[in-house]
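Subject: Structure for you to look at

Hello,

Here is the structure I promised to pass on. Please open it alongside this message, and read the notes below with the model in view.

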Amino acid sequence: METDIRLFAGEILENTGVEFCVFDEKGSYVYGDAQRGETVPPDFSGVFSDVGLNKTFFKFKYKNKRYTGRLKGAGRTERNYAFLISELAEKSTTKGASFSREDFYKSVLLGDASYFQIEKYMRKFAITDKPVCAMLVAVPQGKTEDVINVLSAYGAEGTDCALVLDETHCVLVKFFDEAAGEYRSITEYAEFLHRTVYEETGVETEFSIGGTVKTVADLSSSFSQASSAQRMSNSIKSGGSVHSFKDFVLIKMLEDLPKYKLNEYLELLMDPAAREIFSDSEMTDTAEEFLENSLNVSETSRKLYLHRNTLTYRLDKIEKATGLNIRRFSDAVIFRLITILSKLVR
(Lines give C-alpha, C1' and ligand atoms only; values in the text may rest on other atoms or scores of the structure.)
Protein backbone atom coordinates (compact mmCIF):
# COMPACT_ATOMS: atom_id res chain seq x y z
CA MET A 1 0.00 0.00 0.00
CA GLU A 2 2.88 2.44 0.77
CA THR A 3 4.27 1.76 -2.68
CA ASP A 4 0.90 2.71 -4.19
CA ILE A 5 0.65 6.01 -2.32
CA ARG A 6 4.26 6.88 -3.23
CA LEU A 7 3.48 6.22 -6.89
CA PHE A 8 0.35 8.37 -6.63
CA ALA A 9 2.25 11.26 -5.04
CA GLY A 10 5.05 10.86 -7.60
CA GLU A 11 2.57 11.08 -10.47
CA ILE A 12 1.10 14.28 -9.01
CA LEU A 13 4.61 15.79 -8.84
CA GLU A 14 5.51 14.69 -12.36
CA ASN A 15 2.28 15.92 -13.97
CA THR A 16 1.70 19.13 -12.02
CA GLY A 17 4.98 20.05 -10.34
CA VAL A 18 3.17 20.07 -6.97
CA GLU A 19 5.16 18.28 -4.28
CA PHE A 20 3.52 17.15 -1.07
CA CYS A 21 4.47 15.05 1.89
CA VAL A 22 2.43 12.03 3.05
CA PHE A 23 1.89 10.65 6.57
CA ASP A 24 -0.18 7.62 7.51
CA GLU A 25 -3.23 7.63 9.81
CA LYS A 26 -0.99 7.43 12.90
CA GLY A 27 1.11 10.38 11.75
CA SER A 28 4.13 8.33 10.66
CA TYR A 29 6.13 9.49 7.65
CA VAL A 30 5.38 7.72 4.35
CA TYR A 31 6.60 9.89 1.48
CA GLY A 32 7.98 13.31 0.60
CA ASP A 33 10.41 15.92 1.84
CA ALA A 34 9.50 15.82 5.54
CA GLN A 35 12.13 17.10 7.93
CA ARG A 36 13.40 14.86 10.69
CA GLY A 37 10.91 14.72 13.56
CA GLU A 38 8.17 16.53 11.62
CA THR A 39 4.66 15.85 12.93
CA VAL A 40 1.11 16.53 11.80
CA PRO A 41 -1.65 18.29 13.78
CA PRO A 42 -3.49 15.71 15.92
CA ASP A 43 -7.06 16.95 15.54
CA PHE A 44 -8.42 18.49 12.37
CA SER A 45 -10.69 17.53 9.49
CA GLY A 46 -10.55 18.46 5.83
CA VAL A 47 -7.91 21.13 5.24
CA PHE A 48 -5.95 23.00 7.91
CA SER A 49 -3.67 25.95 7.09
CA ASP A 50 -1.00 26.61 9.73
CA VAL A 51 0.15 30.16 9.06
CA GLY A 52 2.78 30.01 11.80
CA LEU A 53 4.50 27.00 10.23
CA ASN A 54 3.62 28.12 6.70
CA LYS A 55 2.21 24.68 5.92
CA THR A 56 -1.12 23.31 4.72
CA PHE A 57 -2.29 19.93 6.03
CA PHE A 58 -5.13 17.94 4.52
CA LYS A 59 -6.86 14.60 5.10
CA PHE A 60 -7.47 12.27 2.19
CA LYS A 61 -8.32 8.66 1.47
CA TYR A 62 -6.53 6.50 -1.09
CA LYS A 63 -7.55 2.90 -1.79
CA ASN A 64 -9.53 2.65 1.46
CA LYS A 65 -6.67 3.87 3.61
CA ARG A 66 -6.57 7.28 5.32
CA TYR A 67 -3.61 9.65 5.05
CA THR A 68 -2.56 13.17 5.94
CA GLY A 69 -0.89 15.30 3.27
CA ARG A 70 1.31 18.35 3.85
CA LEU A 71 2.08 21.15 1.41
CA LYS A 72 4.60 23.95 1.90
CA GLY A 73 2.79 27.28 2.16
CA ALA A 74 -0.44 28.31 3.87
CA GLY A 75 -2.18 30.42 1.25
CA ARG A 76 -5.21 30.02 -0.98
CA THR A 77 -3.14 28.32 -3.71
CA GLU A 78 -1.97 25.57 -1.35
CA ARG A 79 -5.50 25.13 -0.04
CA ASN A 80 -6.78 24.68 -3.60
CA TYR A 81 -4.01 22.17 -4.30
CA ALA A 82 -5.05 20.24 -1.17
CA PHE A 83 -8.63 19.97 -2.43
CA LEU A 84 -7.43 18.97 -5.91
CA ILE A 85 -5.11 16.22 -4.64
CA SER A 86 -7.83 14.84 -2.37
CA GLU A 87 -10.33 14.79 -5.25
CA LEU A 88 -7.84 12.94 -7.44
CA ALA A 89 -7.16 10.41 -4.68
CA GLU A 90 -10.89 9.86 -4.20
CA LYS A 91 -11.47 9.35 -7.92
CA SER A 92 -8.59 6.87 -8.07
CA THR A 93 -10.24 4.94 -5.25
CA THR A 94 -13.89 5.04 -6.29
CA LYS A 95 -13.31 4.82 -10.06
CA GLY A 96 -16.47 6.74 -10.81
CA ALA A 97 -18.73 4.97 -8.30
CA SER A 98 -21.77 7.03 -7.32
CA PHE A 99 -23.67 6.95 -4.02
CA SER A 100 -27.42 7.00 -3.61
CA ARG A 101 -28.62 9.21 -0.75
CA GLU A 102 -29.01 6.16 1.53
CA ASP A 103 -25.59 4.75 0.54
CA PHE A 104 -24.00 8.12 1.23
CA TYR A 105 -25.45 8.30 4.75
CA LYS A 106 -24.48 4.69 5.43
CA SER A 107 -20.92 5.42 4.35
CA VAL A 108 -20.80 8.47 6.65
CA LEU A 109 -22.28 6.58 9.60
CA LEU A 110 -19.70 3.80 9.30
CA GLY A 111 -16.84 6.27 8.94
CA ASP A 112 -16.00 5.17 5.40
CA ALA A 113 -16.62 8.50 3.64
CA SER A 114 -13.76 10.93 3.16
CA TYR A 115 -14.12 14.60 4.04
CA PHE A 116 -14.23 15.45 0.36
CA GLN A 117 -16.86 12.82 -0.44
CA ILE A 118 -18.98 14.31 2.32
CA GLU A 119 -18.57 17.81 0.87
CA LYS A 120 -19.39 16.56 -2.62
CA TYR A 121 -22.54 14.63 -1.73
CA MET A 122 -23.82 17.24 0.68
CA ARG A 123 -23.86 19.59 -2.31
CA LYS A 124 -25.39 16.93 -4.56
CA PHE A 125 -28.24 16.13 -2.15
CA ALA A 126 -28.64 19.74 -0.93
CA ILE A 127 -27.82 18.77 2.68
CA THR A 128 -27.14 21.79 4.86
CA ASP A 129 -24.98 22.01 7.96
CA LYS A 130 -27.21 21.84 11.03
CA PRO A 131 -27.39 19.74 14.20
CA VAL A 132 -28.04 16.07 13.56
CA CYS A 133 -27.97 12.77 15.41
CA ALA A 134 -28.16 9.06 14.63
CA MET A 135 -30.84 6.73 16.01
CA LEU A 136 -30.01 3.04 15.85
CA VAL A 137 -33.18 0.91 15.78
CA ALA A 138 -33.06 -2.80 16.65
CA VAL A 139 -35.71 -4.69 14.68
CA PRO A 140 -36.85 -8.35 14.63
CA GLN A 141 -35.52 -10.24 11.61
CA GLY A 142 -37.61 -9.74 8.50
CA LYS A 143 -39.31 -6.57 9.75
CA THR A 144 -36.89 -3.87 8.60
CA GLU A 145 -39.01 -2.80 5.63
CA ASP A 146 -42.10 -2.27 7.82
CA VAL A 147 -40.09 -0.16 10.26
CA ILE A 148 -38.35 1.85 7.53
CA ASN A 149 -41.73 2.79 6.03
CA VAL A 150 -42.90 4.26 9.34
CA LEU A 151 -39.63 6.05 10.09
CA SER A 152 -39.60 7.56 6.59
CA ALA A 153 -43.19 8.74 6.94
CA TYR A 154 -42.53 10.59 10.21
CA GLY A 155 -39.07 11.96 9.45
CA ALA A 156 -38.81 15.51 8.13
CA GLU A 157 -39.16 15.29 4.37
CA GLY A 158 -36.08 16.26 2.41
CA THR A 159 -33.68 16.19 5.37
CA ASP A 160 -34.08 13.14 7.61
CA CYS A 161 -33.12 9.76 6.16
CA ALA A 162 -34.17 6.27 7.25
CA LEU A 163 -32.07 3.37 5.96
CA VAL A 164 -31.54 -0.34 6.52
CA LEU A 165 -28.18 -1.08 8.12
CA ASP A 166 -28.46 -4.88 8.21
CA GLU A 167 -31.09 -7.60 8.69
CA THR A 168 -31.91 -6.54 12.26
CA HIS A 169 -31.05 -2.86 12.39
CA CYS A 170 -32.29 0.37 10.85
CA VAL A 171 -30.91 3.87 11.30
CA LEU A 172 -32.72 7.19 11.33
CA VAL A 173 -30.56 10.21 10.58
CA LYS A 174 -32.48 12.94 12.40
CA PHE A 175 -31.86 16.64 11.81
CA PHE A 176 -33.06 19.18 14.34
CA ASP A 177 -35.60 21.36 12.61
CA GLU A 178 -38.86 23.11 13.41
CA ALA A 179 -40.82 19.85 13.07
CA ALA A 180 -38.93 18.40 16.01
CA GLY A 181 -39.52 21.50 18.12
CA GLU A 182 -42.80 20.21 19.52
CA TYR A 183 -40.88 17.57 21.47
CA ARG A 184 -38.98 18.48 24.60
CA SER A 185 -36.02 16.29 23.69
CA ILE A 186 -34.76 13.88 21.07
CA THR A 187 -35.48 11.08 23.57
CA GLU A 188 -39.14 12.10 23.71
CA TYR A 189 -39.23 12.11 19.91
CA ALA A 190 -37.72 8.59 19.84
CA GLU A 191 -40.35 7.42 22.33
CA PHE A 192 -43.04 8.80 20.00
CA LEU A 193 -41.51 6.90 17.06
CA HIS A 194 -41.27 3.71 19.11
CA ARG A 195 -44.98 3.89 20.01
CA THR A 196 -45.95 4.77 16.44
CA VAL A 197 -44.00 1.87 14.92
CA TYR A 198 -45.72 -0.55 17.29
CA GLU A 199 -49.19 0.92 16.73
CA GLU A 200 -48.88 0.87 12.93
CA THR A 201 -46.99 -2.40 12.41
CA GLY A 202 -47.18 -4.42 15.63
CA VAL A 203 -43.37 -4.63 15.56
CA GLU A 204 -41.54 -4.19 18.86
CA THR A 205 -38.34 -2.17 18.42
CA GLU A 206 -35.58 -0.71 20.55
CA PHE A 207 -34.15 2.77 19.91
CA SER A 208 -30.61 3.81 20.85
CA ILE A 209 -29.72 7.49 20.41
CA GLY A 210 -26.30 9.01 19.83
CA GLY A 211 -25.29 12.51 20.82
CA THR A 212 -26.11 15.55 18.73
CA VAL A 213 -23.30 16.71 16.42
CA LYS A 214 -22.96 19.98 14.52
CA THR A 215 -22.71 18.61 11.00
CA VAL A 216 -23.10 15.51 8.84
CA ALA A 217 -19.30 15.24 8.70
CA ASP A 218 -19.35 14.25 12.40
CA LEU A 219 -22.28 11.84 12.11
CA SER A 220 -20.10 8.74 12.54
CA SER A 221 -19.39 9.92 16.11
CA SER A 222 -23.12 10.04 16.91
CA PHE A 223 -23.65 6.61 15.35
CA SER A 224 -20.77 5.17 17.38
CA GLN A 225 -22.40 6.51 20.55
CA ALA A 226 -25.78 5.04 19.56
CA SER A 227 -24.10 1.65 19.03
CA SER A 228 -22.43 1.94 22.44
CA ALA A 229 -25.76 2.80 24.07
CA GLN A 230 -27.35 -0.29 22.54
CA ARG A 231 -24.46 -2.52 23.65
CA MET A 232 -24.42 -1.15 27.20
CA SER A 233 -28.19 -1.34 27.61
CA ASN A 234 -27.97 -5.02 26.65
CA SER A 235 -24.98 -5.73 28.88
CA ILE A 236 -26.62 -4.34 32.03
CA LYS A 237 -30.11 -5.41 30.94
CA SER A 238 -31.46 -1.88 31.14
CA GLY A 239 -35.23 -1.54 31.07
CA GLY A 240 -37.24 0.42 28.54
CA SER A 241 -37.15 0.58 24.76
CA VAL A 242 -35.43 3.94 24.25
CA HIS A 243 -31.82 4.46 25.32
CA SER A 244 -29.73 7.60 25.04
CA PHE A 245 -25.94 7.51 25.09
CA LYS A 246 -25.97 10.29 27.69
CA ASP A 247 -27.72 7.92 30.09
CA PHE A 248 -24.77 5.53 29.86
CA VAL A 249 -21.83 7.91 30.21
CA LEU A 250 -21.32 6.78 33.83
CA ILE A 251 -21.29 3.15 32.70
CA LYS A 252 -18.81 3.98 29.91
CA MET A 253 -16.53 5.64 32.46
CA LEU A 254 -16.73 2.62 34.75
CA GLU A 255 -16.11 0.21 31.85
CA ASP A 256 -12.79 1.94 31.22
CA LEU A 257 -11.59 1.00 34.72
CA PRO A 258 -9.88 -2.37 35.37
CA LYS A 259 -12.15 -5.00 36.88
CA TYR A 260 -10.16 -5.24 40.10
CA LYS A 261 -10.84 -1.52 40.68
CA LEU A 262 -14.56 -2.04 40.10
CA ASN A 263 -14.52 -4.82 42.70
CA GLU A 264 -12.80 -2.49 45.17
CA TYR A 265 -15.52 0.13 44.73
CA LEU A 266 -18.23 -2.50 45.02
CA GLU A 267 -16.78 -3.83 48.27
CA LEU A 268 -16.62 -0.28 49.60
CA LEU A 269 -20.25 0.53 48.76
CA MET A 270 -22.01 -2.74 49.51
CA ASP A 271 -22.32 -4.02 53.08
CA PRO A 272 -22.30 -7.82 53.53
CA ALA A 273 -25.92 -7.73 54.74
CA ALA A 274 -26.96 -6.04 51.48
CA ARG A 275 -25.79 -8.86 49.19
CA GLU A 276 -29.02 -10.78 49.67
CA ILE A 277 -31.03 -7.82 48.38
CA PHE A 278 -28.86 -7.39 45.29
CA SER A 279 -29.11 -11.09 44.46
CA ASP A 280 -32.94 -10.98 44.75
CA SER A 281 -34.25 -10.14 41.26
CA GLU A 282 -37.70 -9.23 42.61
CA MET A 283 -36.25 -6.60 44.93
CA THR A 284 -33.76 -5.19 42.42
CA ASP A 285 -36.41 -5.07 39.66
CA THR A 286 -38.72 -3.20 42.02
CA ALA A 287 -35.97 -0.73 42.90
CA GLU A 288 -34.99 -0.23 39.24
CA GLU A 289 -38.59 0.48 38.27
CA PHE A 290 -38.87 2.94 41.17
CA LEU A 291 -35.77 4.76 39.93
CA GLU A 292 -37.00 4.73 36.32
CA ASN A 293 -40.22 6.40 37.49
CA SER A 294 -38.38 9.28 39.18
CA LEU A 295 -38.95 7.90 42.71
CA ASN A 296 -42.72 8.14 42.24
CA VAL A 297 -44.51 5.55 44.40
CA SER A 298 -47.89 5.81 42.67
CA GLU A 299 -46.48 5.47 39.14
CA THR A 300 -44.24 2.55 40.15
CA SER A 301 -47.16 0.75 41.83
CA ARG A 302 -49.24 1.18 38.69
CA LYS A 303 -46.58 -0.12 36.34
CA LEU A 304 -45.68 -3.10 38.52
CA TYR A 305 -49.34 -3.88 39.30
CA LEU A 306 -48.46 -3.69 43.01
CA HIS A 307 -50.49 -2.38 45.89
CA ARG A 308 -48.93 0.79 47.25
CA ASN A 309 -48.41 -0.87 50.66
CA THR A 310 -46.56 -3.78 49.02
CA LEU A 311 -44.21 -1.38 47.26
CA THR A 312 -43.64 0.54 50.50
CA TYR A 313 -42.83 -2.75 52.28
CA ARG A 314 -40.21 -3.60 49.65
CA LEU A 315 -38.62 -0.17 49.80
CA ASP A 316 -38.45 -0.42 53.60
CA LYS A 317 -36.86 -3.88 53.31
CA ILE A 318 -34.23 -2.50 50.90
CA GLU A 319 -33.46 0.32 53.32
CA LYS A 320 -33.13 -2.02 56.29
CA ALA A 321 -30.73 -4.36 54.45
CA THR A 322 -28.63 -1.77 52.61
CA GLY A 323 -28.93 1.35 54.73
CA LEU A 324 -30.09 3.18 51.59
CA ASN A 325 -33.41 4.96 51.56
CA ILE A 326 -33.89 5.12 47.79
CA ARG A 327 -36.79 7.54 48.24
CA ARG A 328 -33.98 10.09 48.64
CA PHE A 329 -32.13 11.10 45.50
CA SER A 330 -28.62 10.77 46.97
CA ASP A 331 -29.27 7.22 48.22
CA ALA A 332 -30.97 6.34 44.93
CA VAL A 333 -27.79 7.35 43.07
CA ILE A 334 -25.65 5.10 45.30
CA PHE A 335 -28.07 2.20 44.85
CA ARG A 336 -27.97 2.66 41.09
CA LEU A 337 -24.15 2.74 41.15
CA ILE A 338 -24.03 -0.52 43.12
CA THR A 339 -26.36 -2.28 40.64
CA ILE A 340 -24.20 -1.11 37.72
CA LEU A 341 -20.98 -2.25 39.40
CA SER A 342 -22.56 -5.61 40.23
CA LYS A 343 -23.41 -6.19 36.56
CA LEU A 344 -20.03 -5.02 35.26
CA VAL A 345 -17.96 -7.32 37.52
CA ARG A 346 -19.89 -10.46 36.62
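Helices (H or I, at least four residues) and strands (E, at least two) are DSSP runs, numbered from the N terminus. Threonine 339, for example, has its place in helix α14, residues 329–344.

Two remarks on the source come next. The model is predicted, so local features need pLDDT of at least 70 and side-chain atom pairs count only at pLDDT 80 or more, while totals for chains, interfaces and linings use all residues. Residues are numbered from 1 along each chain as its sequence is written, and side-chain values use heavy atoms, with hydrogens and water left out.

The whole chain

The protein chain has 14 helices and 10 strands. Its radius of gyration is 26 Å, well over the 20 Å that the globule rule gives for 346 residues, so the chain is more spread out than a compact globule. That radius is taken over C-alpha atoms, and the globule rule is 2.2 Å times the number of residues to the power 0.38. Along the principal axes of the protein chain, the C-alpha trace spans about 85 × 50 × 35 Å.

Of the 346 residues, 45% are buried. Buried means under 20% relative accessible area, exposed means over 50%, and partly exposed lies in between (1.4 Å probe, protein chains only). The accessible surface of the protein chain comes to about 18,600 Å², and 49% of it belongs to carbon and sulfur atoms. Accessible areas come from the Shrake-Rupley method with a 1.4 Å probe; for residues, only the protein chains shown count as cover.

Contact means heavy atoms within 4.5 Å. Among contacts between residues at least 6 apart in sequence, 60% join residues at least 24 apart.

The sheet of five strands

An open sheet of 5 strands has the order β2-β1-β5-β4-β3, and its pairing is antiparallel. β2 (29–31) and β3 (47–50) stand at the edges with a single partner strand each, so one side of each has no neighbour in the sheet. From one strand to the next, the twist averages 30°. Two strands pair if DSSP finds at least two bridges between them.

Start with β1, residues 21–24, which pairs with β2 in the antiparallel sense over 2 bridges. Valine 22 has tyrosine 31 in β2 as its bridge partner, and phenylalanine 23 has tyrosine 29. The two strands form a hairpin with 4 residues between them, and glycine 27 in the turn has a positive phi of about 90°.

β1 also pairs with β5, again in the antiparallel sense, over 4 bridges. There, phenylalanine 23 stands opposite threonine 68. Which way do the residues of β1 point? Cys21 and Phe23 point one way, Val22 and Asp24 the other way, and all are buried.

Helix α1 (residues 2–16) lies across β1, β2, β4 (55–62) and β5 (65–72), and runs at about 50° to β2. Axes are lines fitted to C-alpha atoms, for helices over the stretch in contact, and angles run from 0 to 180 degrees between N-to-C directions.

In helix α4 (residues 115–124), the buried residues are Phe116, Gln117, Ile118, Tyr121 and Met122.

In helix α5 (residues 144–154), the buried residues are Thr144, Val147, Ile148, Val150 and Leu151. They cover an arc of only 165° around the axis, which puts them on the same side of α5. The arc is that of the directions from the helix axis to the C-beta atoms. Glu145 and Ala153, on the other side of α5, are exposed. What covers the buried residues of α5 includes β6 (132–138), β7 (161–166), β8 (169–175), α6 (186–201) and β9 (206–209).

Strands β6, β9 and β10

β6 and β9 run antiparallel and are joined by 4 bridges. Leucine 136 stands opposite serine 208 in β9. β9 is also joined to β10 (residues 242–244) by 3 bridges, and these two run parallel. Phenylalanine 207 has valine 242 in β10 as its bridge partner.

Back to threonine 339

Is threonine 339 buried or exposed? Threonine 339 is buried, with a relative accessible area of 6%. Not counting residues up to four places away in sequence, threonine 339 touches Phe278 and Glu288. Threonine 339 and arginine 231 are 108 residues apart in sequence and 17 Å apart in space, C-alpha to C-alpha.

Regards
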